[in-house]
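Please look through the sequence and the model shown here before reading on.

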Amino acid sequence: MRFEWGPFQLETSVESVNHKWLPYLRKIFFSRTHRLFSMEPEVVKRVTVNPTPSLGRLFYDIWTYIVLYLDAYWQQLIQGHSDLLFHLGVEVFFIIIILYLWFQKSYEPKRRRERLTEKEIDNLVSEWNPEPLVPKRQLSRKVREYLFENEGKSLPVEIEELLLAEHFERESYLPSPREVLRLQSAPTAYCVVNGKKVINLGTCNFLGFAEDDTVKHACVEVLKRYGCGSCGPRGFYGNLDVHIEAEQRIAEFMKAPAAVLYSFGSATCSSVIPAFSKRGDLIICDEAASYFIQTGIALSRASVKWFPHNNMEALEKMLEEIVANDPISGKITQRRFIVVEGISSKFADLTPLDKVVELKNRYRFRLIVDESYSLGVLGKTGRGALEYFGLETSDADLVLADLGNAIATVGGFCCSSQEVANHQRLSSAGYCFSASQPPFLAKACTVALDKLQNECSERLTQLQENIQCFQAALGTLDGIRIASHPKCPILFLRLDKSLGSYTMDEQWMMKLQEALWSEGVFVSVPQYLANEHVRPSPGLRLCVSSNHSSKILKTAAEKIRKTVTKLLFPSKHSSPLKTA
């Protein structure tokens with residue numbers, strides 16, 4: 001049979017179509033409009049039965065009906081049925097789409113290479129310090145202990161020759177074994193450390209909730225009802241009504257649309273930041289941020305730029321340079337964040353959040369604020385540094401806090417919009433994969449926030465009075481640098497001039513801690529990892545609580561002054577640690 005279809009001439013035969021496939025082929029190709037295929041009866045009349053089915057015959061018969069299909073289209077177009085052009089156009093369009101998708105390769109996200117500027121390359125090169133090809137030999141522990149115990153004394157000739165030959169530095173000495181200070185009571189104004197009652201300046205119980213009877217009674221009732229632990233993450237069987245109640249209470253207290261409760265304070269920052277940033281995004285962070293913030297940034301794999309601690313001029317300059325390099329089209333394909341702390345965990349000073357919020361809005365960045373040390377301390381109602389500067393919680397995109405300080409429980413939270421909170425429940429590792437907070441700790445958070453809201457005027461006023469009293473009594477110390485803010489309940493005491501190395505300064509601070517314990521004052525020596533972006537010099541951390549009386553604080557300040565002077569200047573301002 002011969003067909004002329006437009007410019008094409010095709011020959012085929014319909015007499016050999018197999019009867020077994022005929023109904024299906026007719027259904028496919030002749031189930032259109034009756035007007036289009038009015039020729040079907042004549043075609044079917046000439047169909048003969050082929051009793052030998054085969055795969056090749058199937059393809060041949062399909063080809064035959066395709067030819068008949070096209071010929072029918074052509075004949076109807078010649079007869080003036082212009083409405084078929086629309087059907088033909090739609091079918092051709094879908095055929096092209098199907099072929100395009102069929103031959104399209106599977107999607108593979110392109111990895112964006114981060115190109116460093118010349119200035120960044122120069123900075124990396126200048127900061128690079130090559131490792132020695134041959135590492136330094138290590139002295140035996142026995143020799144190190146001997147060197148530490150005989151500081152300031154003349155050493156045997158053989159040991160001095162050994163040190164000289166091997167180029168050993170004094171900071172490689174191991175400290176001698178010392179008694180570990182163990183807290184053996186509740187962290188009240190006085191506490192028991194290693195069996196001795198001392199003034200407590202070592203814990204962050206700023207508002208005295210750790211020994212509050214109302215909080216303890218509520219925790220006991222929840223402990224009797226739910227037991228000790230939840231034994232499961234929040235997304236599964238570890239979600240209890242006390243957790244939901246705590247989240248609602250946190251959101252109400254912080255005046256935020258929603259809050260997400262985490263089981264551990266240090267896991268809050270390291271979980272929230274990676275949940276909203278990824279490779280290719282940009283984070284601008286204070287160089288003195290806590291180690292938990294640094295961990296979250298590292299886990300996010302985002303690009304990070306560090307600005308000098310609390311230097312708003314440097315921050316503004318950095319933001320200007322970033323925005324100046326944006327494409328002319330204005331299309332930004334990365335998420336951008338500014339990360340700061342309300343009160344610095346390393347220097348106890350206050351971040352000017354009013355200026356940070358202004359820069360964030362001007363340059364269209366998102367803001368993450370860690371209120372771990374400012375929650376319950378700053379602001380009229382104790383909501384933190386944002387409230388202290390007259391800002392709302394909504395002025396920051398994410399507000400984080402550790403509940404282990406002023407609230408005196410275990411856990412952390414993140415306040416944000418409802419949409420952002422819902423995203424955390426599916427993407428935050430600390431929420432999805434960690435066991436939920438023990439129920440009685442969640443109840444402690446709820447009750448503490450209730451008491452803070454009802455008694456905020458009394459507790460916050462007493463805390464600020466105690467801070468002023470202690471700072472005034474402590475005054476200035478010769479050879480010691482005091483780092484703090486007038487409104488901050490934390491003070492850091494650091495050496496004004498290093499004794500020669502980081503290890504020597506740290507050892508001296510540990511000696512000072514033991515000496516103060518002997519005098520009846522308990523303080524802490526914060527530890528910092530060597531790989532932190534900014535590692536502060538060793539020092540003592542002193543914490544003031546609202547439960548302290550002015551008499552206790554003045555007594556502690558006087559003992560600190562005498563002990564520091566005794567150790568740092570035993571005679572004619574000579575240091576007790578002398579280089580060999």
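In sorting residues by class, Ala, Val, Leu, Ile, Met, Phe, Trp, Tyr, Cys and Pro count as nonpolar, Asp, Glu, Lys and Arg as charged, and the others, Gly among them, as polar. The model is predicted, and local features need pLDDT of at least 70, side-chain atom pairs count only at pLDDT 80 or more, while totals for chains, interfaces and linings use all residues. Residues are numbered from 1 along each chain as its sequence is written, and side-chain values use heavy atoms, with hydrogens and water left out.

On a 1 Å grid over the protein atoms alone, a cavity is a set of points where a 1.4 Å probe fits but cannot get out, and lining residues have an atom within 4 Å of a point. Grid points are joined across faces, edges and corners, and a volume is the space filled by probe spheres set on the points. Helices (H or I, at least four residues) and strands (E, at least two) are DSSP runs, numbered from the N terminus.

The structure also holds three aromatic pairs. Rings of Phe, Tyr and Trp (its six-membered ring) pair if their centres lie within 6.5 Å; planes under 30 degrees apart count as stacked, over 60 as edge-to-face and the rest as tilted. Tyr262 and Tyr431 form an edge-to-face pair, with 6.4 Å from centre to centre and 75 degrees between the planes. This pair links distant parts of the chain, as Tyr262 in E5 and Tyr431 in H16 are 169 residues apart.

Strand E5 leads on to a sheet. Two strands pair if DSSP finds at least two bridges between them. Seven strands form an open sheet of mixed pairing in the order E5-E11-E10-E9-E8-E6-E7. Its edge strands, E5 and E7 (303-307), each pair on one side only. From one strand to the next, the twist averages 20 degrees. Within the sheet, E10 (398-402) and E11 (412-416) run antiparallel and are joined by four bridges; Val399 has Cys415 in E11 as its bridge partner. Helix H11 (291-300) packs on the sheet, touching E6, E7, E8 and E9, and its direction makes about 165 degrees with that of E6. Contact here means heavy atoms within 4.5 Å, and angles run from 0 to 180 degrees between N-to-C directions, with axes as lines fitted to C-alpha atoms, for helices over the stretch in contact.

E7, together with helices H5 (118-127) and H12 (312-324), supplies at least two residues of the lining of the largest pocket. About 1,400 Å³ of space lies in that pocket, and its lining has ten nonpolar, eight polar and 14 charged residues. The second largest pocket holds about 700 Å³ of space. Of its 33 lining residues, Phe292, Tyr373, Asp402, Asn405 and Arg541 lie nearest its centre. Helix H10 (266-276), H11 and E10 each give two or more residues to this lining.

Technical notes:
On a 1 Å grid over the protein atoms alone, a cavity is a set of points where a 1.4 Å probe fits but cannot get out, and a pocket is an open set with protein on both sides within 12 Å along at least five of seven lines; lining residues have an atom within 4 Å of a point.
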